[in-house]
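Please keep the structure open as you read.

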Amino acid sequence: MQRVNLSAVSEFVFVGLSDAPEIRLLLFVLFLLIYLATMAGNITLLVAISTNSHLHSPMYFFLGNLSLLDLLCPTITVPKMLGALLLEHKKISFSGCLFQHFSLISVVGTEILLLAVMAYDRYVAVCYPLRYPSIMSTKLCAQLALGTWATGLLNSLLHTSLVFTLSFCGPNKIQQYYCDIPPVLALSCSSTHSRELVILVVAGVLGSSACVVTVVSYICILLEILARNSPGIWHKAFSTCGSHLAVVCLFYGTTICTYVRPSFTYSPRWDRVVSMLYGMLTPLLNPIIYSLRNKEVKCALKRVISQVRRAL
């Protein structure tokens with residue numbers, strides 16, 4: 001029986017977003033502006049949270065973690081994509097692809113869990129407002145944040161080990177602009193059925209658990225609002241939960257468009273467009289949503305911007 005050389009493929013090649021030079025330049029400028037806006041928005045939000053004592057609460061502690069994830073997510077993939085668009089440098093080494101895959105899956109898995117933790121935080125804030133400081137203590141918040149990051153890393157370690165211990169000995173063109181699981185698995189020359197099943201089960205358990213926590217938290221919030229039935233309760237609850245609910249809908253909406261679709265709808269070009277929606281639009285809009293929906297954040301951001309202007 002012929003043995004397959006595991007190191008037969010030493011590098012991968014990303015399929016470009018467009019082969020037309022004029023379109024590549026336009027896409028480069030567009031994605032560069034989106035990336036810079038994403039960096040500026042999330043860094044400003046992080047600075048505002050860290051420098052304003054009024055924002056040193058559990059809600060903004062988790063929001064700071066979310067902004068950090070939104071900084072990491074596009075940074076893992078966008079610079080390489082910009083290089084491919086401008087310089088046509090579409091190659092990535094096997095180890096580079098492995099690292100990119102591991103980093104991206106870590107960030108995405110952590111963000112899924114963090115949104116569930118933030119939903120629980122909003123549930124405690126609405127349903128137990130008097131006990132909120134004691135329940136959401138500094139120690140618990142640190143443990144929850146550390147748990148989400150650790151689980152995201154372990155989940156990514158499992159996925160990466162399952163994918164990159166396969167044999168790659170044939171074509172090396174990735175039908176994507178980053179090292180995602182489906183296009184990399186498609187290049188393997190060994191059987192992937194069992195590993196795909198494990199990946200699907202683990203991702204399903206992780207994602208469904210986080211989704212259940214989020215949905216149950218908001219159901220409890222809704223039941224609490226209906227039970228109180230006091231004047232202004234709807235407005236107060238919406239001001240407390242509106243931003244997070246919008247971010248959750250945006251995240252799960254783009255994730256479903258990216259990964260949860262019938263197989264007959266898949267096409268390489270469409271997958272790349274949808275992945276950009278997931279990988280670039282969500283990190284850009286998250287700080288905008290929280291800034292528009294939260295007066296405290298808007299005031300803190302105004303102070304940071306005014307301080308930057310004075311420094312310049």
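C179 counts as buried at 2% relative accessibility, where buried means under 20% relative accessible area, exposed over 50% and partly exposed in between (1.4 Å probe, protein chains only). This is a predicted model, in which local features need pLDDT of at least 70 and side-chain atom pairs count only at pLDDT 80 or more, while totals for chains, interfaces and linings use all residues. Residues are numbered from 1 along each chain as its sequence is written, and side-chain values use heavy atoms, with hydrogens and water left out.

**Disulfides and other cysteines**

- The structure holds two disulfides, a disulfide being a pair of cysteine sulfur atoms within 2.5 Å.
- C179 is bonded to C97, with the sulfur atoms 2.0 Å apart, and this link is left-handed, at -130° about the S-S bond.
- C97 sits in helix α3 and C179 in the loop between β3 (173–174) and α6 (181–185), so their bond ties together parts 82 residues apart in sequence; helices (H or I, at least four residues) and strands (E, at least two) are DSSP runs, numbered from the N terminus.
- C169 is partly exposed at 36% relative accessibility, and C189 is partly exposed at 36%.
- Counting bonded cysteines along the chain, the pattern is 1-3, 2-4.
- Elsewhere, C73 is buried at 6%, whereas C211 is partly exposed at 31%.

**Nonpolar cores**

- The largest nonpolar core has 63 residues, of which F31, L66 and M81 touch the most other members; such a core is a set of buried Ala, Val, Leu, Ile, Met, Phe, Trp, Tyr and Cys residues joined through side-chain atoms within 4.5 Å.
- Helix α3 gives the most to this core, with 16 residues.
- A second, separate core of 19 residues includes F94, C97, V163 and I181.

**Helix α7 and a recorded span**

- L226 lies in helix α7 and counts as exposed, at 52% relative accessibility.
- An unreviewed UniProt entry lists residues 197–225 among its "transmembrane region" spans; its annotations may be inferred rather than shown by experiment, and positions follow the numbering used here, with feature names shortened.
- Residues 197–225 are 100% helix and 0% strand, with end C-alpha atoms 41 Å apart.
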